[in-house]
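Morning, everyone. I have one structure to show today, and I'll keep it quick. Please take a look before I start talking.

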Amino acid sequence: MVEAALYRDGVRVSSPGSLAETFRELREQPSGMAWIGLARPTEGELLSLASEFDLHPLSVEDALEAHQRPKLERYGDTLFVVLRAARYLDAPEEVDFGELHVFVGPDFVITVRHGAAPDLSAVRRRMEDSPDLLKLGPEAVLYAILDAVVDGYAPVVAGVQNDIDEIETEVFRGDPEVSRRIYELSREMVEFQRATRPLVGMLHGLMAGFAKYGTDEELQRYLRDVADHVTHTSERVDSFRQALQDILTVNATLVTQQQNAEMRALAEAGFEQNEEIKKISSWAAILFAPTLVGTIYGMNFSHMPELHWVFGYPFAIVLMAVVCTSLYFVFKRKHWL
């Protein structure tokens with residue numbers, strides 16, 4: 001148990017130190033309201049609360065296991081609300097999600113928190129500083145918690161917007177790590193969308209029950225304001241997902257263009273290298289012809305008629321020149337030279 005308090009007419013009258021003490025004092029003060037806050041409670045604590053306040057077993061099971069989507073369910077006189085809170089972590093530039101379960105009965109509010117967000121102690125202080133609002137009962141506490149959760153989305157929206165701006169710069173700068181960052185942020189936006197979208201329907205459901213359950217007009221105004229903020233946030237999250245999809249498409253296009261440019265550069269380099277090889281091979285063949293003739297007549301055999309022929313030397317020179325010239329024109333015609 002994080003904190004428990006008993007209130008009468010919007011003023012804290014007691015701060016019990018245990019669940020048993022809370023139950024006892026609440027029975028002694030029929031007109032009071034208990035606000036019990038728990039963080040990752042044990043099964044024994046939840047079963048004790050379920051026994052005292054007649055909580056539905058399904059809601060207790062959900063609160064114990066967590067990992068639920070936002071929802072609003074009514075079990076008799078008790079409302080069971082599941083909320084997904086979020087906060088933006090500046091250092092790792094990522095969104096951290098928490099889960100909050102709220103039981104709201106005629107004379108009690110029980111909050112079960114899984115995660116660091118939201119800061120319910122701040123909600124409690126704000127409500128205690130507004131006794132006129134707190135004396136409206138458990139519904140007022142529920143709306144204050146809803147307001148705190150929704151207000152917590154604003155820094156997340158601002159942080160994500162900044163991340164998207166940075167990603168756009170990185171995409172056009174050709175950062176190789178940007179694809180991974182887009183993917184991770186897209187996953188966070190899926191989670192953010194799952195946290196905000198169901199809230200719109202939940203709040204409209206609460207507003208639809210104003211007349212049936214006689215909700216105070218002040219609380220109605222609070223809830224309408226919260227609903228407006230949720231709708232705005234949900235629309236921003238939808239736009240973020242679409243923007244990330246567009247950025248991912250642009251990044252894929254730019255990567256493809258870069259790969260094509262690299263392949264074209266490799267092809268051009270290979271073509272230039274091939275042309276150089278052709279030139280080297282052509283000159284090697286041309287130079288091989290006189291080398292071959294000179295090698296033959298350099299063997300100095302005794303019975304080589306051309307060695308004793310008067311025109312032997314000019315013939316060898318002319319032969320080498322004719323062969324080299326012929327090869328030159330052949331390679332020139334083939335555009336190897």
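I'll go through domains, cores, ring pairs and then the annotated spans.

First, a caution: this is a predicted model.

Start with the domains. The assignment for the protein chain gives two entries: domain 1, covering 2-256, and domain 2, covering 276-334. How far apart are the centres of domain 1 and domain 2? Over C-alpha atoms, the separation is 93 Å.

Now the packing. The largest nonpolar core has 59 residues. Which of them touch the most other members? They are L83, I145, L146 and F192. Helix α8, residues 178-208, supplies the largest share of this core, with eleven residues. Take L146 as a case. Leaving out residues up to four places away in sequence, L146 touches L83, L199, L203, L206, L223 and V226.

On to the aromatics. The model has eight aromatic pairs by the ring-centre rule. One of them joins F23 and F53. The F23 and F53 rings sit 5.6 Å centre to centre, with 85° between the planes, and the pair is edge-to-face. What does this pair tie together? F23 is in helix α1, residues 19-28, and F53 is in helix α2, residues 43-53, so the contact ties together parts 30 residues apart in sequence. F23 and F53 are both buried.

Now a second pair, Y328 and F329. Their ring centres are 5.7 Å apart and their planes stand at 80°, so this pair is edge-to-face too. Buried or exposed? Y328 is partly exposed, at 28% relative accessible area. F329 has 52% relative accessibility, and counts as exposed because the cut-off is over 50%.

Back to F23 and F53 for a moment. Together with F108, they form a cluster linked by ring pairs.

One charge over a ring, too. R124 lies over the face of W35, at 4.4 Å from the ring centre.

Last, the record. An unreviewed UniProt entry lists residues 280-299 and 311-331 under "transmembrane region". How much helix does the model put there? Residues 280-299 are 90% helix and 0% strand. The end C-alpha atoms of 280-299 are 28 Å apart. Residues 311-331 come out at 95% helix and 0% strand. For 311-331, the end C-alpha atoms lie 30 Å apart.

That's my tour. Questions, please.

How values were computed. Residues are numbered from 1 along each chain as its sequence is written. This is a predicted model: local features need pLDDT of at least 70, side-chain atom pairs count only at pLDDT 80 or more; totals for chains, interfaces and linings use all residues. Side-chain values use heavy atoms; hydrogens and water are left out. A nonpolar core is a set of buried Ala, Val, Leu, Ile, Met, Phe, Trp, Tyr and Cys residues joined through side-chain atoms within 4.5 Å. Buried means under 20% relative accessible area, exposed over 50%, partly exposed in between (1.4 Å probe, protein chains only). Helices (H or I, at least four residues) and strands (E, at least two) are DSSP runs, numbered from the N terminus. Contact means heavy atoms within 4.5 Å. Domain bounds come from an automatic or database domain assignment. Rings of Phe, Tyr and Trp (its six-membered ring) pair if their centres lie within 6.5 Å; planes under 30 degrees apart count as stacked, over 60 as edge-to-face and the rest as tilted. A charge sits over a ring if NZ of Lys or CZ of Arg is within 6 Å of the ring centre and within 35 degrees of the ring normal. UniProt positions are given in the numbering used here, feature names are shortened, and annotations may be inferred rather than shown by experiment.
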